[in-house]
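Hi,

Here is the structure I promised to pass on.

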There are 2 protein chains.
Amino acid sequence: VSERFALHGCFRAHEGQGDALAAVLLEAADALEGNEECRLYLVSRSPDDADIVWVTEVWTSREAHAASLEDEAVRALVARGMPLIAGMPESRELRPAGGKGL
Amino acid sequence: VSERFALHGCFRAHEGQGDALAAVLLEAADALEGNEECRLYLVSRSPDDADIVWVTEVWTSREAHAASLEDEAVRALVARGMPLIAGMPESRELRPAGGKGL
């Protein structure tokens with residue numbers, strides 16, 4: 001695979017807002033459906049904390065990810081998601097080397 | 001998506017063994033190619049530490065993941081990979097909620 005840029009990040013929602021935040025992030029995944037440079041946008045929940053939401057993204061390049069943040073639909077979703085977020089305790093940049101399923 | 005079980009884990013290779021460990025993990029991804037219950041097996045490197053390798057897996061169920069570890073080819077790769085591994089500083093279980101690309 002030629003993917004070169006990945007992010008794995010953890011969002012902490014304000015108390016009780018985990019479902020609402022996950023819903024916004026799943027809408028973001030939908031908004032990216034037509035973006036061929038986004039290879040993966042996986043929204044996951046924590047098994048033991050309902051206010052934690054993980055997002056794992058794989059992009060063809062760092063620039064493609066940055067450009068996506070300028071998209072109107074994505075910006076609208078960021079604006080809706082921000083008030084739900086208490087913090088981002090963890091975020092890592094990764095370099096995809098390959099694998100199955102992408 | 002119906003995926004219900006994910007793992008995001010970090011392996012630290014013995015010094016200088018990151019490439020060798022990543023190669024074994026990419027072989028594991030190949031070995032899982034025919035396993036329909038494995039939806040994602042993404043091998044990533046750290047941008048700032050050549051001895052760190054990340055694996056992000058999505059499975060249809062916890063049981064499907066456990067069963068894969070009994071597979072002969074997977075066991076052979078685990079046996080080859082183990083001596084390369086200095087530690088596993090981080091591993092998290094996640095519950096995929098949906099997204100793009102799976």
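Which residue in β4(B) is the bridge partner of A:Ser44? The partner is B:Pro96. A quick word on conventions: this is a predicted model, where local features need pLDDT of at least 70, side-chain atom pairs count only at pLDDT 80 or more, and totals for chains, interfaces and linings use all residues. Residues are numbered from 1 along each chain as its sequence is written, chains are lettered from A and ligands numbered from 1 in the order in which they are written, and side-chain values use heavy atoms, with hydrogens and water left out.

Put together, 8 strands close into an antiparallel barrel, in the order β1(A)-β3(A)-β2(A)-β4(B)-β1(B)-β3(B)-β2(B)-β4(A).

Now the interface. Each chain brings residues to the contact (heavy atoms within 4.5 Å): 30 from chain A and 30 from chain B. Between them they bury about 2700 Å² (accessible area lost on being put together, 1.4 Å probe, summed over both), with 62% of it on carbon and sulfur atoms. I count 2 salt bridges between the chains (Lys or Arg side-chain nitrogen within 4 Å of an Asp or Glu carboxyl oxygen). A:Arg92 makes a salt bridge with B:Glu90, with the closest N and O atoms 2.8 Å apart. On chain A's side, α1 (18–31), β2, β3 and β4 each give two or more residues, and β4(A) has the largest share, 10 residues.

Cheers

Note on methods. Two strands pair if DSSP finds at least two bridges between them. Helices (H or I, at least four residues) and strands (E, at least two) are DSSP runs, numbered from the N terminus. Buried area is the accessible area (1.4 Å probe) that two parts lose on being put together, summed over both.
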